[in-house]
Number of protein chains: 2
Amino acid sequence: MKTIEQFLESKNIRVTAMRLLIYKFLAEKQVAVTLSDIENAFEKADRTTLYRTIKTFEEKAIVHQIDDGTGINKYALCEKGCNCEIETDLHLHFHCNNCNETICLTEHKIPQIKVPDGFVSENVNLVVKGVCDKCSGQ
Amino acid sequence: MKTIEQFLESKNIRVTAMRLLIYKFLAEKQVAVTLSDIENAFEKADRTTLYRTIKTFEEKAIVHQIDDGTGINKYALCEKGCNCEIETDLHLHFHCNNCNETICLTEHKIPQIKVPDGFVSENVNLVVKGVCDKCSGQ
DNA sequence: TCAATAAATGCACTTCCATTGCATAGATAT
DNA sequence: ATATCTATGCAATGGAAGTGCATTTATTGA
């Protein structure tokens with residue numbers, strides 16, 4: 001069982017207080033968050049720091065960016081089952097039109113998509129929109 | 001064979017010179033375009049007019065908006081095979097990482113996506129990214 | 001035909017988010 | 001201890017979406 005510090009170091013991310021806080025924040029969230037969400041959670045911190053921290057996490061492949069069609073970038077920690085570096089490992093995201101939350105459905109793999117001759121597929125972005133379990137239960 | 005004027009009228013869109021020009025511009029494009037693309041094509045026209053024209057076309061279901069993950073909205077004319085009003089008629093889009101163009105693959109339908117219990121799927125957005133036929137041929 | 005009405009267009013803003021440059025603080029290594 | 005590199009904070013920029021209002025253009029009906 002690694003500590004977060006050890007985990008970050010193993011990914012070549014230098015450990016700072018801010019980065020630990022942001023990591024923990026992401027870890028306890030069950031949904032993808034926007035930069036503003038993080039900003040609101042850490043009002044003392046500068047927006048740029050948060051932005052660059054997320055970008056660092058993204059580069060080091062411990063966070064993936066999600067484009068759920070709201071026009072605002074969202075981010076989520078990569079889980080055990082999620083290997084963002086590996087392009088064939090693509091899961092889908094669910095965006096709730098009611099609560100506006102976006103959830104990684106890590107266990108749901110994206111089916112193989114055929115493209116016409118001459119086209120080379122490198123990446124697939126799949127977002128399902130609708131009503132999430134929490135909202136549909138109301 | 002309808003004229004464009006007749007077609008627009010049949011969709012309850014009032015015909016204006018500007019709208020005809022924008023329609024023709026979209027029609028001759030084989031790829032999805034951004035508002036800026038349209039802006040550059042019609043430098044004399046105001047951006048707001050172009051924006052609202054596109055929105056009108058979208059409401060009247062002769063144009064569909066595409067979110068290809070670049071963060072910029074793109075638009076394309078609905079073709080014969082494309083019935084955007086019908087939610088089950090979802091085709092996929094291909095975004096070329098090389099030339100940055102986005103193409104509607106109208107004939108490629110999106111497979112049925114299963115979501116977990118409690119989730120209600122209303123809409124699906126699928127974008128495949130890679131290299132398009134033109135760029136891969138180089 | 002002309003006035004009254006409604007829709008389309010143009011201009012000026014605003015807002016929101018992403019991103020960058022630069023100066024400073026803090027950590028690392030020699 | 002100091003030189004060096006990285007992280008952080010502040011300020012500013014830029015791009016795109018969207019809105020309010022005045023004006024022009026088109027439509028309708030008397």
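Visitor: Which residues does A:Cys132 touch, not counting residues up to four places away in sequence?

Guide: A:Phe94, A:Cys96, A:Cys99, A:Ile103, B:Gly118 and B:Phe119. Touching is contact, meaning heavy atoms within 4.5 Å. Mind you, this is a predicted model: local features need pLDDT of at least 70, side-chain atom pairs count only at pLDDT 80 or more, and totals for chains, interfaces and linings use all residues; side-chain values use heavy atoms, leaving out hydrogens and water. Residues are numbered from 1 along each chain as its sequence is written, with chains lettered from A and ligands numbered from 1 in the order in which they are written.

Visitor: How do you know whether A:Cys132 is buried or exposed?

Guide: Buried means under 20% relative accessible area, exposed over 50%, partly exposed in between (1.4 Å probe, protein chains only). A:Cys132 has 1%, so A:Cys132 is buried.

Visitor: And what does A:Cys135 count as?

Guide: Its relative accessibility is 13%, so A:Cys135 counts as buried too. A:Cys135 touches A:Cys96, A:Asn98 and A:Cys99, leaving aside residues up to four places away in sequence.

Visitor: Where does UniProt place the feature "binding site"?

Guide: The unreviewed entry puts it at A:Cys96, A:Cys99, A:Cys132 and A:Cys135. They're spread over 40 residues of sequence, yet cluster in space, with a largest C-alpha distance of 8.2 Å.

Visitor: Over to the DNA: how many residues surround DNA strand C?

Guide: There are 19, with A:Tyr51 among the closest. Being near takes a heavy atom within 4 Å. By class, the surface near DNA strand C has four nonpolar, seven polar and eight charged residues.

Key. Ala, Val, Leu, Ile, Met, Phe, Trp, Tyr, Cys and Pro count as nonpolar, Asp, Glu, Lys and Arg as charged, and the others, Gly among them, as polar. UniProt positions are given in the numbering used here, feature names are shortened, and annotations may be inferred rather than shown by experiment.
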